[in-house]
Amino acid sequence: MTPYLLIRGGRPLRGEIRVDGMKNAALPILFALILVRDEVTLEDLPPVTDIETTLQILCKMGAETKRLSPNAIRIQTKNVDPDAVPLSLTSTLRGSSYLLGAGLGRFGRIATGIPGGCNFGTRPLDQHFRLLESMGATIECENGILRTTAPRGLHSATVRLDFPSVGATVNGILAAALAEGTTVIANAAREPHIVDLANFLNACGAEISGAGSPCVTIRGVSKLHGTRYRVVPDMIEAGTYLCAACATGGKLRLSNLCPDHLGAVVSPLRKMGAEIVVSEKHLTVERSGNLYGTVLETAPYPGFPTDLQPQFAPLLCLSRGGGRIYERVWKSRFQYTAELCRMGGTVLLADDFADFPGGDRLQGACVRATDLRGGAALLIAGLCAEGETELGEIHHIERGYPDFLKKLTDVGADISKKDEKLTKS
Ligand code: EPZ
């Protein structure tokens, strides 16, 4: 029996939600621990399954961990063994590709399963490989296993990425942190998670500058030391709750966030009719009037994030005038729209955009999460739909949204997790 969510829609969300640490920042930081042999304490580690899987990978490799609270952990990777990587576990998440950079940096070699994660069609690693190869690594892929080694050690390099790939930028930083010389990554990803990884490594003694700009410079150091570090708040979790508040016509105050990271999200929401008040670490969102349509185009940070486009889709369905979403990062990120249509949404798909004529009445239905953010979109649709929605395959949502059931019920959502068979299927 796979669990599902029973959502009774039509209740405006009202109250306060604390945003957790960012999954996509915590993942590279956890793999970066391989480079730091000393003890590290991490705070605001989001309690989600992708983080639990990463901790399991590190523990199976020999890391010693002590849980200090649900969101804080002490870890030491002194005894980590590159030959003890649990290959099948690494194949379940995308972030495991960071083992390449971390393994090369610490041991000069590592093998890992081909990374998994959300299915958006092909998810190539050519930029990762080109960057690591230019630093002296060789990479082979055989029988679903990626093996990398740097027979003569890693050396510095200057590399320009074809696309500002988050993962390739992370792997470059990890590989270069302890490599000899100064590595320069041009056309680097600028996401807040890249900045957070650099801040973490710098707190451990690394010399990384330019993170957050298109050019990251890493001067290799001989050793990193332990530290205590708090993971940056999750802009995607925050953006998801902003959309949920707007979709249900409610009012939410979000705490523990970096409003600066949400510029590209706040501005379209205001255009769509939301009132948003921003202060230093809080943000209040309210939507009491009409919802208007808009056109969104995803782009690498600081553009509108691909990881939030699905959550805007229910808003566009309900809006007056409708709108369009151009997806410029992942070509196959509209799978969730088929499920949204089962709830009464109207979506017209083209090659790299989706049209939403708007004016839809969303109604409860039996749907399934297709991936992490697509699942969040269907959850939002269920919260504002008439009647009951049964949302299956919620393991996708549990990969990236900490305590979302409690957070949502605390602000008035009628939502519960069921273990029995879906009744509407
Ligand atoms: C990260 O994936 C995130 N995952 C994704 O979030 C996010 O959607 C994505 O960045 C873009 O912001 C994690 O941080 C674990 P990319 P990543 O390399 O690193 C192409 C979520 O919902 N590309 O920036 O895999 C690629 O095909 C997840 O939390 C190459 O062509 O993304 C895509 O079109 C889903 N060759 C684009 O670049 C490469 O070698 C962006 O990919 C690498 C990427």
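1. A polar side-chain atom of Arg-333 lies 3.3 Å from an oxygen atom of the ligand, where a polar contact is taken as a pair of N or O atoms within 3.5 Å. The protein covers 90% of the 820 Å² of accessible area that the ligand has on its own, with areas taken from the Shrake-Rupley method and a 1.4 Å probe.

2. This is a predicted model, in which local features need pLDDT of at least 70 and side-chain atom pairs count only at pLDDT 80 or more, while totals for chains, interfaces and linings use all residues. Residues are numbered from 1 along each chain as its sequence is written, and side-chain values use heavy atoms, with hydrogens and water left out.

3. The ligand is surrounded by 23 residues, among which Gln-127, Ser-165, Val-166, Asp-307 and Val-329 are the closest; a residue is counted if one of its heavy atoms lies within 4 Å. Helix H1 (23-32), helix H5 (126-134), helix H6 (166-176) and helix H12 (372-384) are the elements that each give two or more residues to this shell, helices being DSSP runs (H or I) of at least four residues and strands (E) of at least two.

4. Because domain 1 (4-20 + 233-418) and domain 2 (23-230) both give residues to the shell, the ligand lies between them; the bounds come from an automatic or database domain assignment.

5. Two backbone features deserve a look. The peptide bond from Tyr-301 to Pro-302 is cis, with omega near 15 degrees, and Pro-302 is in the loop between strand E17 (295-297) and helix H10 (309-318). Asp-44, which is not a glycine, has a positive phi of about 60 degrees.

Definitions and conventions: A polar contact is a pair of N or O atoms within 3.5 Å; within protein, one must be able to donate a hydrogen and the other to accept it, and residues adjacent in sequence count only if both atoms are side-chain atoms.
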